[in-house]
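Please keep the sequence and the model at hand while reading.

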Amino acid sequence: GRSGNLLVSDYSRPMDFVSANIKFKYFKLNYFLANLDRMKLPDSLSSRYKSYYANRYLSAHRIDFKLLRGRLNLGLSEALLFGGPQRNLEFAYANPFISYFGVVENDRIGYENGGKGNIFASVDFDIFPKNNYEFYGELLVDDFQVEKTGPGDLEPPEWGFLLGAQVADPFGWRGTTVLTEYVRITNRTYNTTHPWEKFIN
């Protein structure tokens with residue numbers, strides 16, 4: 001997006017992180033693991049977890065495909081915000097080749113320590129149909145309920161998307177760009193029951 005990003009904000013605070021990327025002819029892999037600022041817990045949670053702070057981490061990986069001689073770019077991303085009181089970095093989430101969803105669904109230790117993690121998946125595209133024209137978009141899914149087995153399954157889907165287009169040098173006006181973009185995010189996206197798993201920027 002040009003007006004903002006759906007996953008990591010342009011206005012986020014600086015993060016300490018490690019990253020890696022591998023680039024091939026038609027696709028690229030990116031990965032990072034960040035240590036975020038600790039969050040001070042309210043008194044009610046401090047007494048419950050016997051801690052004044054919650055540690056916070058953000059892990060993400062992405063694959064980009066370059067198709068049709070660069071006129072079509074597709075990207076798939078998965079990100080996980082996790083942590084909690086007395087919860088440290090876990091090596092399963094430091095693995096760039098593993099599905100975070102699979103780890104979270106089988107992570108009983110994380111659940112006992114105050115949450116499994118907040119997972120996001122996204123798919124995006126960038127199309128250049130001809131010179132000076134670009135169309136792009138992204139769909140971000142935070143939570144989508146499939147089964148209806150409990151009260152928590154009745155909440156609405158949590159997602160966001162953006163669509164945009166821009167034209168360079170319209171009507172022969174060199175150095176001019178016309179841009180339009182639409183962004184929509186549902187009101188519960190980025191949110192979760194554990195405060196340290198919320199996206200706060």
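Two strands pair if DSSP finds at least two bridges between them. Strands are DSSP runs of E with at least two residues, numbered from the N terminus. The model is predicted, so local features need pLDDT of at least 70 and side-chain atom pairs count only at pLDDT 80 or more, while totals for chains, interfaces and linings use all residues. Residues are numbered from 1 along each chain as its sequence is written, and side-chain values use heavy atoms, with hydrogens and water left out.

- Eight strands make up an open sheet, ordered 1-2-3-4-5-6-7-8, with antiparallel pairing.
- Strand 1 (16–23) and strand 8 (177–185) are the edge strands, each pairing on one side only.
- From one strand to the next, the twist averages 10 degrees; axes for such angles are lines fitted to C-alpha atoms, and angles run from 0 to 180 degrees between N-to-C directions.

**Strand pairs**

- Strand 1 and strand 2 (residues 27–40) run antiparallel and are joined by eight bridges.
- A hairpin of three residues connects strand 1 to strand 2.
- The bridge partner of F17 is A34 in strand 2.
- Strand 2 also pairs with strand 3 in the antiparallel sense, over 12 bridges, and L29 has I63 in strand 3 as its bridge partner.
- Strand 3 is joined to strand 4 (residues 72–84) by 13 bridges, and these strands run antiparallel.
- S59 has L80 in strand 4 as its bridge partner.

**R56**

- R56 belongs to strand 3 (residues 53–67).
- R56 is buried but has no salt bridge, and D37, the nearest side chain of opposite charge, is 6.7 Å away.
- Buried means under 20% relative accessible area with a 1.4 Å probe, protein chains only.
- A salt bridge requires a side-chain nitrogen of Lys or Arg within 4 Å of a carboxyl oxygen of Asp or Glu; Lys and Arg count as positive, Asp and Glu as negative, and His and the chain ends are not counted.
- A polar atom of the R56 side chain lies 2.9 Å from the backbone oxygen of K198.
- Leaving aside residues up to four places away in sequence, R56 touches A34, N35, L36, D37, M39, L81, F82, W196, K198 and I200, where contact means heavy atoms within 4.5 Å.

**G75**

- G75 is in strand 4 and is buried, with a relative accessible area of 1%.
- The C-alpha atoms of G75 and F65 are 6.3 Å apart, although the two residues are 10 residues apart along the chain.
- Not counting residues up to four places away in sequence, G75 touches R62, I63, D64, S122, V123 and D124.

Definitions and conventions
Helix = DSSP H or I, 4+ residues; strand = E, 2+ residues; numbered from the N terminus. Buried < 20%, exposed > 50% of the residue type's maximum accessible area, 1.4 Å probe, protein only. Polar contact = N/O pair within 3.5 Å; in protein donor to acceptor, adjacent residues only side chain to side chain.
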